Amino acid sequence: MTDRNCAPQPAAAPKVSFVSLGCPKALVDSERIITRLRAEGYELAPEHRGADVVVVNTCGFLDSAQAESLAAIGEALNQNGKVIVTGCMGAEPEKITKAHPGVLAVTGPQQYESVIEAVHRAAAPRHDPFFDLVPPTGIKLTPRHYAYLKISEGCNNRCTFCIIPKLRGSLVSRPAADVLREAERLVAAGVKELLVISQDTSAYGSDLRYAASQWKGREARARFFDLAAALGELGAWIRLHYVYPYPHVDAVVELMAQGKILPYLDIPFQHAADDVLRRMKRPAAQERTLQRIARWRELCPELTIRSTFIVGFPGETEAELQFLLDWLDAAELDRVGCFRYEPVEGAAANEIAPPVPAEVKEQRWQRLMRHQQAISARRLKRKIGTRQQVIVDELRPRHDAMPTPVSGAFSAKGRTRGDAPEIDGAVYMTSRRPLRAGEIASVKIERSDAYDLFGTVVGY
Ligand code: SF4
């Protein structure tokens, strides 16, 4: 008879505490690192104290993001002491080691192997061939029903305010078959919405000369349109982020009109005044964007356009800001985010023209936000009385904080096909039966405000 107490006990799994900072692209890097660590038998620790090592995936895009990254490293050192740093800030290791000489290792963005090696050195992996802790999708840090799909790394543009190409290098696209296989696996595991991300989605595949790879016994070309069309066959919501207004986007808008992918374009215009765009060295700055937007809306009236802008760019005049506000009136974009220019160290823009004083930047930011709020409210109002497909993100307690209670026993928060998670508005809905996260319901819109919609589920 075997004495169970004498049976060899497996060694305790080493524990890693993970901090993920920055944009969705950094989040995808974190998911890859965590997936690999879990596959090797590491456990994720809920807090720094008690973990064998801490990994901090940093963001280095703006000075404020760098400060946040340095603070997170300091906190990890205080609470644990064994800290590995990776991500965008890792491209400038001396900044990190100067502030925190006690870190164990610093690795740059996408240097997955180096991070894993550093973790091995800090806490050796438990060797157990029977370990299989990793679901086929890898580990996701987003909710189960949506996932980010990164199609390339780096960027070939050289916008003067941006140091991403310096940090992450030139464009490197993934072969189409790789992207499609990952997308298929995610959908098979229950993901209902894929958010396609990169630094410049419309440039996808140009570095590969649009080479084809084999997917499901046929050729899949590494081309923006072909990839969007193939993703559209998977039966999930496909949402495109970081697209630039090049002429070839028209064909993709036609896919949207045919219902193959979501009628949604996230295009970071950044400004509208020609001279500012020239100083920014924006790709496609010369395009006649208002005409292009009108054409897209003609092709696909349901299209939602989201964008981001920078105010207070060096040398920006009052007239240029006014031009941007007038342009926003004409463009009638649905969703707009706005940043005050921050002089990122190493960005060419800092030398281009005199800086705009901080208080002027602030006033311009306030003006733009107020201006756009009215446009957004107007556009959302048009949805009252319509039925919208809404994906449920989270359930809310019965009769809870619906800003205006409407009849129905259950409440939930979700998004229309025109709203991306985290950055766009929400739909607050009531339903006569409980909803599940990830479920897509048909909602009659009854009310709107500047950013959100309110309604009742009329179909499941
Ligand atoms: S397109 Fe411009 S802003 Fe975007 S990553 Fe490339 S260089 Fe930076």
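Here are a few notes on this structure, which is a predicted model.

1. Start with the overall layout.

2. Next, look at how domain 2 and domain 3 sit together. Domain 2 puts 21 residues into the contact, and domain 3 puts in 14. On the domain 2 side, the elements that supply two or more residues are β9, β12 (237-240), β13 (264-266), β14 (304-311), β15 (335-340) and α12 (358-381). Which of these gives the most? That would be α12, with five residues. If you sort the domain 2 side by class, you get eight nonpolar, five polar and eight charged residues.

3. Now for the ligand. Around the ligand you'll find Cys155, Asn157, Arg158, Cys159, Cys162, Ile164, Pro165, Gln199 and Asp200. How does this shell divide by class? It has five nonpolar residues, two polar ones and two charged ones. Cys155, Cys159 and Cys162 are among the nonpolar ones, since Cys counts as nonpolar here. Arg158 and Asp200 are the charged pair.

4. The largest nonpolar core has 121 residues, and the members touching the most others are Val55, Leu149, Leu194 and Ala228. Helix α7 (residues 224-231) is the top contributor to this core, giving six residues.

5. Setting aside neighbours within four places in sequence, Val55 is in contact with Val16, Phe18, Ile33, Ile84, Thr86, Val115 and Val119. When you have the model open, pick out Val55 and trace those partners one by one.

6. Two backbone details are worth checking. Tyr210 isn't a glycine, yet its phi is positive, at about 60°. You'll find Tyr210 in the loop that runs between β9 (193-197) and β10 (212-215). Why does Tyr210 count as partly exposed? Because it has 15 C-beta neighbours inside 10 Å, and a residue would need 20 or more to be buried, or 12 or fewer to be exposed.

7. The other one is Lys281, again not a glycine, with a positive phi of about 55°. Its place is the loop between α9 (274-280) and α10 (289-299). Lys281 also falls in the partly exposed class, because 16 C-beta neighbours lie inside 10 Å.

Notes
Residues are numbered from 1 along each chain as its sequence is written. This is a predicted model: local features need pLDDT of at least 70, side-chain atom pairs count only at pLDDT 80 or more; totals for chains, interfaces and linings use all residues. A residue is near a molecule or strand if its C-beta atom, placed from the backbone, lies within 6 Å of it. Helices (H or I, at least four residues) and strands (E, at least two) are DSSP runs, numbered from the N terminus. Two residues are in contact if their C-beta atoms, placed from the backbone, lie within 7 Å. A nonpolar core is a set of buried Ala, Val, Leu, Ile, Met, Phe, Trp, Tyr and Cys residues joined through C-beta atoms within 7 Å.
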